Amino acid sequence: MAVAHLSMMISKLQNLSTSDHSSVVSMNLFVALLLACIVIGHLLEENRWVNESITALLIGLCTGVVILLISRGKSSHLLVFSEDLFFIYLLPPIIFNAGFQVKKKQFFVNFMTIVMFGAIGTLVSCTIISLGATQFFKKLDIGTLELGDFLAIGAIFAATDSVCTLQVLNQDETPLLYSLVFGEGVVNDATSVVLFNAIQSFDLTHIDSSIALHFMGNFLYLFFASTMLGVFAGLLSAYIIKKLYFGRHSTDREVALMMLMAYLSYILAELFYLSGILTVFFCGIVMSHYTWHNVTESSRVTTKHAFATLSFVAETFIFLYVGMDALDIEKWRFVSDSPGTSVAVSSILLGLLMLGRAAFVFPLSFLSNLTKKNQRDKISLRQQVIIWWAGLMRGAVSMALAYNQFTRSGHTQLRPNAIMITSTITVVLVSTVVFGLMTKPLIRFLLPHSPKQTTSMLSSEPTSPKSVIVPLLGQDSVDDLVGQDIRRPASLRDLLTTPTHTVHRYWRKFDNAFMRPMFGGRGFVPFVPGSPTERDNNVQWQ
């Protein structure tokens, strides 16, 4: 029987076409590399310089070199880059888990500052990079680039990747700084993608005031419509699970429902040409506030581990692939005759993104500090430097947008496009590896009292969804503010000087009176035999 089974397997393998077999081999090698990234990243956990993102990137580079040598200069990667693979399959779990694990208290207390950095700051950075590229690139022999290309370059390099900094910062020791860096990163990515899509959808050959107003209107519409769709999807999942309570029969169903509803929100956003990043992020926040508290205890533990694990694997996959794709011989062949031009373009872009970053971090931090009375809530100069540094890294979003603008199905035959792709790769590598290596020493120098960040094991008590890996955020509930003494504004001046606390106070009253009785959440879980509510009550009576 075993011999017959083995012969059947051999015959099936022999019937595989060459391309199918090569795809299977590629996937096997890629999975093995993912495992290597996890193991090596664990061994280098306490290293002063290297983090998991840099580890995956360097392993990808080394793998690319080996494949390049084996294929005799024909190819350097196992998989062809696909925008659909990135935007449809890899990005959603990363962004959703960011929203699901976010410390909502810090995020919403600093919401206005985060929006200023993430939205206004991105527009400022995009403008400076676009204007600088227009002026400098015309003096270099890189070929013809249109106005839409220069604006797209601004959006591409305005997209930050603050993973390296988040892996070093301790959210418990520096909650303000952590929430600002993280919150800005998510809003920045969403703003960059929305801005990029808006640029591609407009005819920029004839620009006037009406086009500019339409552009801004479309941008605001995408921003708010995407947010509302995510909130709606999260509330719908909470309502369904609260009313039907799947956990009485099967915890698998409620876990599957949470996962599929989250992914559906992202796909619906893409279907309606909205920002899937914003949609799935706010869907994650709403699910952690309502839906997560409506499921059984075992489902809570399962979801917090599952979402964090999917995010971790997707993030590692992206950095690993970026490292391999950096040595793609097809793109570098176009710039081999003029390497100086490619280096000059990359250097200019690095200088522009540093300038564009500084142009809004320090002025907006100054404006934010003017609205805060408490010295502890103000952003110090050292923290401003760290925020500026955190936004200098560029990653997968920049790569994906560059491929979208300058390639067709991952390939390009035009010299200007090839130069922009290779320059993007160079900027991503230099910013992630060089700037990333300097992140830990810089933060320890600027924040000498912050202890080393250590990864703690997850508690089995499901009071809130905690992250299982360092790059992702822990979660605390807005309920944590319930016990705080938030003073009622006595005058219009108090209302204007403490808008965040005032808005939160009225939101908490509305949430407790209307939202939680309908959608569930902490303290409003439906009483069903065998449910978390019944077990909690039994524990209290014992």
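Analyst: Leaving out residues up to four places away in sequence, Ala155 touches Cys126, Ser192, Leu195, Phe196, Ile199 and Leu401 (contact means heavy atoms within 4.5 Å). This is a predicted model, where local features need pLDDT of at least 70, side-chain atom pairs count only at pLDDT 80 or more, and totals for chains, interfaces and linings use all residues. Residues are numbered from 1 along each chain as its sequence is written, and side-chain values use heavy atoms, with hydrogens and water left out.

User: Why is Ala155 called buried?

Analyst: Buried means under 20% relative accessible area, exposed over 50%, and partly exposed in between (1.4 Å probe, protein chains only). Ala155 has 0%, so it counts as buried.

User: What makes Ser226 buried?

Analyst: Its relative accessible area is also 0%, so Ser226 gets that label. It touches Tyr221, Leu274, Ser275, Leu278 and Thr279, again skipping residues up to four places away in sequence.

User: Why is α4 called oblique to α12?

Analyst: The axes of α4 (residues 83-101) and α12 (residues 276-294) cross at roughly 45 degrees and come within 7 Å. Angles under 35 degrees are roughly parallel, over 145 roughly antiparallel, 65 to 115 roughly perpendicular, and the rest oblique. That makes α4 oblique to α12. Axes here are lines fitted to C-alpha atoms, for helices over the stretch in contact, with angles from 0 to 180 degrees between N-to-C directions. Helices (H or I, at least four residues) are DSSP runs numbered from the N terminus.

Technical notes. Helix = DSSP H or I, 4+ residues; strand = E, 2+ residues; numbered from the N terminus.
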